[in-house]
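Please look through the following structure with the sequence beside it, and keep both in view while reading the notes below.

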Amino acid sequence: MDPTTQTMTPRTPTSAMLRFSPTAWAKLLYLRDLGNTEVGGFGISTANDPLLVENIQLVRQFCTFATVRFDDESVADFFDQQVDAGRRPDQFARLWVHTHPGNCPQPSGTDEETFARVFGRSDWAVMFILAKGGATYARLRFSVGPGADIELNVNLDFTRPFGGCDHEAWQTEYDLNVSELVPQPLTVTRNPGETPDGWERMPTDWRDSWFEYLDDDLAMGRRDEFTY
C-alpha cells in the first residue's frame with residue numbers, strides 16, 4: 001500500500017489513552033506559556049501507535065485569547081514536508097493540539113465547530129486541549145460507520161526517551177509561526193437618540209477576532225493524495 005494513503009485506526013480499549021513522550025510534553029508546556037493567547041499545532045505520532053505523540057509542530061497561525069486560525073498555505077506546506085519525511089497522514093494530520101490561556105480545558109463552541117468542520121471528513125481524529133493551569137481534555141472521534149466520540153485519558157509515557165529541552169529552537173518556532181491578533185476599538189454608527197444595546201457598549205470588538213478555521217477544502221492540504 002502507498003505509504004501516503006495508508007490509514008491506521010487507533011486501538012480503543014475501554015480505558016483509551018492519549019500519551020505524550022516527555023520531550024513532546026515539555027515542548028507543549030513551553031509553547032503554552034510563551035504568550036497570553038491560545039496556541040495550536042499538530043501532534044506527530046509514532047508509526048505503530050497513532051495515540052502516542054512524540055512531537056508537536058506549529059504552523060503559521062493568528063491567535064487571540066479564545067481562538068486560533070491556521071494559515072492554509074502553511075498547513076499544506078507542513079503536510080508536504082511530513083509526506084516527504086515518509087510519514088503517513090494518520091501520524092501527522094489527525095491530532096489537533098491547542099492550548100487555553102485560562103484554567104478550563106473544556107472545548108468551546110468554536111472548538112467544537114472547528115473539530116466537526118475541519119476534521120469531520122477524516123476517518124478519525126483527536127482534539128486535545130491543555131489549559132494554563134495544567135488540566136487537559138482529549139476526545140477521539142470516529143467518523144466512519146455509526147461514528148463515536150470517546151473521551152481519552154491523558155498520560156506521559158516515560159518509557160520513551162527524553163531528548164532534552166531545546167528552548168532556543170522552540171522559541172524560534174513560536175516566533176516564526178504565532179501572531180497575536182489585537183482587537184480593534186468598536187465603532188458604532190447610530191441614529192440620534194438611539195440607545196446602544198449591551199453588545200455595542202462593550203469597550204472592544206472581539207467579533208473580528210472570531211475567525212473561521214481554514215476552509216475545509218484546504219484544511220487537509222493535499223486531500224486527493226490522502227485517504228480520509
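The notes that follow take up the chain as a whole, then its strands and sheets, and then its salt bridges.

This is a predicted model, and its chain holds six helices and 13 strands. Of the 228 residues in the chain, 45% count as buried, and the chain exposes about 11,200 Å², of which carbon and sulfur atoms supply 49%.

- Strands of a sheet pair through backbone hydrogen bonds, and they do so either parallel or antiparallel.
- Strand β3, which covers residues 52-58, pairs with strand β1, residues 17-20, in the parallel sense over two bridges, and within this pairing Arg19 stands opposite Leu52 of β3.
- Strand β3 also pairs with strand β2, residues 40-45, but here the sense is antiparallel and there are five bridges, with Ile44 standing opposite Asn55 in β3.
- The strands β2 and β3 form a hairpin, and six residues lie between them.

**The sheet of β5, β4 and β11**

- Three strands make up an open sheet in the order β5-β4-β11, and the pairing in this sheet is mixed.
- Strands β5 (68-70) and β11 (178-180) stand at the edges and have a single partner strand each, so one side of each is left without a neighbour in the sheet.
- Neighbouring strands of this sheet are turned against each other by 25° on average, if direction is ignored.
- Strand β4, residues 61-63, runs parallel to β11 and is joined to it by three bridges, and the bridge partner of Cys63 in β11 is Glu180.
- Helix α5, made of residues 167-177, lies across β4 and β11, and it runs at about 55° to β11.

**Salt bridges**

- Side chains of opposite charge can pair when their charged atoms come close.
- A search of the whole structure finds 13 salt bridges, and the points below describe some of them in turn.
- Arg19 forms a salt bridge with Asp157, and the closest N and O atoms of this pair are 2.8 Å apart.
- This pair links distant parts of the chain, since Arg19 belongs to strand β1 while Asp157 lies in the loop between β10 (153-156) and α5, 138 residues apart.
- Is Asp157 buried or exposed? Asp157 has a relative accessible area of 10%, and because a residue under 20% counts as buried, Asp157 is buried.
- The side chains of Arg32 and Asp33 also meet in a salt bridge, at 2.8 Å from N to O; Arg32 counts as buried at 10% relative accessibility, whereas Asp33 counts as partly exposed at 39%.
- In a further salt bridge, the side chains of Arg160 and Glu54 meet at 2.5 Å from N to O.
- Arg160 lies in the loop between β10 and α5 and Glu54 in strand β3, so this pair ties together parts that are 106 residues apart in sequence.
- Arg160 is partly exposed at 28% relative accessibility, and Glu54 is partly exposed with a relative accessible area of 31%.
- Salt bridges that share partners also join Glu112, Arg139, Arg141 and Asp149 into one network.

Terms used:
Residues are numbered from 1 along each chain as its sequence is written. This is a predicted model: local features need pLDDT of at least 70, side-chain atom pairs count only at pLDDT 80 or more; totals for chains, interfaces and linings use all residues. Side-chain values use heavy atoms; hydrogens and water are left out. Two strands pair if DSSP finds at least two bridges between them. Helices (H or I, at least four residues) and strands (E, at least two) are DSSP runs, numbered from the N terminus. Axes are lines fitted to C-alpha atoms, for helices over the stretch in contact, and angles run from 0 to 180 degrees between N-to-C directions. Contact means heavy atoms within 4.5 Å. A salt bridge is a side-chain nitrogen of Lys or Arg within 4 Å of a carboxyl oxygen of Asp or Glu. Buried means under 20% relative accessible area, exposed over 50%, partly exposed in between (1.4 Å probe, protein chains only). Accessible areas come from the Shrake-Rupley method with a 1.4 Å probe; for residues, only the protein chains shown count as cover.
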